[in-house]
Amino acid sequence: MTNAVDIPAWAALLVSILILTGSALALIGSVGMLRLRSFYQRVHAPTLGTTLGIGSVLAGSMVFFSALGSRPVVHEVLIGAFVFITTPVTLMLLTRAALYRDRAENNADVPPVPAVAADPASGEGRHAAIAGEPDPAGPRSPP
């Protein structure tokens with residue numbers, strides 16, 4: 001075990017604040033996942049709670065072990081880097097897979113695929129709005 005009694009008071013206070021902040025953010029993300037209704041809303045709350053919450057907990061761990069002087073804080077930096085890289089990528093992949101599935105099942109709650117026009121110069125598709133063509137859904141009235 002560590003000699004936690006040897007940690008200075010300022011470091012103990014800072015570690016406590018960071019750990020409590022991280023825990024509160026993770027709790028908010030969990031409650032948001034329970035309260036929000038659709039998958040697309042639900043996927044954001046735990047992602048933000050995880051990223052910010054784990055960042056605060058890792059910062060608290062870095063302060064604790066730095067103030068204690070027992071080891072370098074390389075582990076927390078690596079964990080933070082992996083979490084900050086993988087969490088948004090996972091969110092994007094899950095959301096795109098769900099969007100593809102819902103569009104394939106013709107779910108009414110999902111926006112339709114944007115209209116695509118062929119680009120004669122490159123042979124690739126592009127959105128109709130970018131191509132300067134009229135909207136296939138018809139003219140939109142101002143709000």
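Which residues of H1 are buried? Select helix H1 (residues 9-35) and look for Ala11, Val15, Leu18, Gly22, Gly29 and Gly32, which are its buried residues. Buried means under 20% relative accessible area, exposed means over 50%, and partly exposed lies in between (1.4 Å probe, protein chains only). Helices (H or I, at least four residues) and strands (E, at least two) are DSSP runs, numbered from the N terminus.

The model is predicted: local features need pLDDT of at least 70, side-chain atom pairs count only at pLDDT 80 or more, and totals for chains, interfaces and linings use all residues. Residues are numbered from 1 along each chain as its sequence is written, and side-chain values use heavy atoms, with hydrogens and water left out.

**The whole chain**

From the N terminus on, the order of its elements is α-α-α-α-β-β-α. Of the 143 residues in the chain, 22% are buried. Colour next by pLDDT, the predictor's confidence in each residue, from 0 to 100. The mean over the protein chain is 78, and 77% of the residues reach 70 or more. Among the elements, helix H1 has the highest mean pLDDT (90), and helix H5 (residues 128-131) the lowest (48).

**Helix H1**

Return to H1, whose 27 residues reach 38 Å from the first C-alpha to the last, close to the 39 Å expected at 1.5 Å a residue. The expected span of a helix is 1.5 Å times one less than its number of residues. What covers the buried residues of H1 includes H3. Select isoleucine 17, which lies in this helix; at 46% relative accessibility, isoleucine 17 counts as partly exposed.

**Helices H3 and H4**

Select helix H3 (residues 44-68) together with helix H4 (residues 74-104); they pack at an angle of about 175°, with their axes 10 Å apart. Axes are lines fitted to C-alpha atoms, for helices over the stretch in contact, and angles run from 0 to 180 degrees between N-to-C directions. H3 is therefore roughly antiparallel to H4, a term for angles over 145 degrees.

On the H3 side, the contributing residues include Thr47, Ile54, Leu58 and Phe65, and on the H4 side they include Val77, Val83, Phe84 and Leu91. By class, this contact has 9 nonpolar, 8 polar and 1 charged residues. Here Ala, Val, Leu, Ile, Met, Phe, Trp, Tyr, Cys and Pro count as nonpolar, Asp, Glu, Lys and Arg as charged, and the others, Gly among them, as polar.

Centre on threonine 51 in helix H3. Threonine 51 is buried, with a relative accessible area of 16%. Not counting residues up to four places away in sequence, threonine 51 touches Phe84 and Thr87.

Now follow H4 along its length: its 31 residues should span 45 Å at 1.5 Å a residue, and its end C-alpha atoms are 45 Å apart, which agrees. Its buried residues are Glu76, Gly80, Val83, Thr87, Leu91, Ala98 and Asp102, and they pack against helix H2 (39-42) and H3. After H4, select asparagine 106, whose phi is positive, near 55°.

**The last stop**

Finish at residues 128-133, over which pLDDT stays under 50. For this stretch the model has 6 contacts beyond four places in sequence.

Key:
Angles under 35 degrees count as roughly parallel, over 145 as roughly antiparallel, 65 to 115 as roughly perpendicular and the rest as oblique. Contact means heavy atoms within 4.5 Å.
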